[in-house]
Amino acid sequence: MVSWINRNRVRVGLAVVAPFAVAATLAPVRARIETVDVALLLVVVVVAVAALGSRLAGYLAALSAGAWFNYFFIAPYEQFLIADRSGVQGFVLLMIVGGAVTELAVWGRRQQDVASREAGYLAGIHAAAASGATGGGSRQELIRQVASDLVEALHLQTARYQSGVAGLGDPARLQRDGQIMWKDVRWDVDHDGLPTDTDIELLVEHGGRLHGRYLLRAAPHTAVSLSERRVALTLADQVGAALG
């Protein structure tokens with residue numbers, strides 16, 4: 001938590017300082033450069049800040065860029081005052097563009113994070129499949145590794161394996177289609193997140209034979225996508241194949 005707070009402070013600091021530093025550096029030569037070039041350079045600064053993954057920092061950078069562009073490059077200079085309509089239009093346009101590129105940069109960073117997580121999940125699936133196919137490592141090691149992979153894939157508190165049982169304790173169940181059923185009612189994962197008042201049962205089967213189950217305990221307010229739930233099912237299938 002402390003590390004996240006420190007990183008966020010750095011992002012916010014850059015959002016405020018970086019546009020000022022660029023604008024102040026260029027101000028002495030404003031008579032020799034086009035204001036549109038300055039505006040584009042400030043947009044680049046906003047993109048760089050937003051690419052760090054913080055929407056707040058991106059919008060602060062856009063606001064800072066607009067303010068210092070106005071201060072240094074719109075007459076009357078070195079005043080937070082816009083005297084004509086073209087100056088207002090330039091300031092507003094810079095803010096709009098800054099906000100738009102912030103949204104694009106944050107979206108791109110999130111997509112990159114999703115791709116990175118999915119690559120990790122695939123690596124876990126491949127490792128489990130290789131272990132089951134070659135017999136490398138013990139079955140208990142595979143069961144423990146998949147439990148760890150399930151915790152990461154579904155953002156769980158815990159995942160524990162029980163051999164040879166299913167349905168005991170009336171838990172919710174992660175179905176083959178990725179939906180969760182509890183007490184004969186489909187749980188709305190997209191709206192409510194994973195259920196936290198009960199364990200979630202993930203069966204480990206192979207060739208129609210039950211080998212056991214993973215009992216999953218979700219953290220409060222845990223939202224997981226359908227693709228993440230399907231990853232969990234695939235991991236359980238690999239354990240089933242290894243045990244079979």
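Biologist: What does the model count, and how are residues numbered?
Modeller: Residues are numbered from 1 along each chain as its sequence is written. The model is predicted, so local features need pLDDT of at least 70, side-chain atom pairs count only at pLDDT 80 or more, totals for chains, interfaces and linings use all residues, and side-chain values use heavy atoms, with hydrogens and water left out.

Biologist: How many aromatic pairs are there?
Modeller: Ten, from a search of the whole structure. Rings of Phe, Tyr and Trp (its six-membered ring) pair if their centres lie within 6.5 Å; planes under 30 degrees apart are stacked, over 60 edge-to-face, the rest tilted.

Biologist: How do Phe20 and Phe72 pair?
Modeller: They are tilted, 6.3 Å centre to centre, with 45° between the planes. Phe20 is in helix H1 (residues 2-26) and Phe72 in helix H3 (residues 55-73), 52 residues apart. Helices here are DSSP runs (H or I, at least four residues), numbered from the N terminus.

Biologist: Is Phe72 buried or exposed?
Modeller: Buried, at 9% relative accessible area. Phe20 is partly exposed, at 35%. Buried means under 20%, exposed over 50%, partly exposed in between (1.4 Å probe, protein chains only).

Biologist: Which cluster do ring pairs make?
Modeller: They link Phe20, Trp68, Tyr71, Phe72 and Phe80.

Biologist: New topic. At what angle do H5 and H7 cross?
Modeller: Roughly 175°, for H5 (residues 139-154) and H7 (residues 226-243), with axes within 10 Å. Axes are lines fitted to C-alpha atoms over the stretch in contact, and angles run from 0 to 180 degrees between N-to-C directions.

Note on methods
Helices (H or I, at least four residues) and strands (E, at least two) are DSSP runs, numbered from the N terminus.
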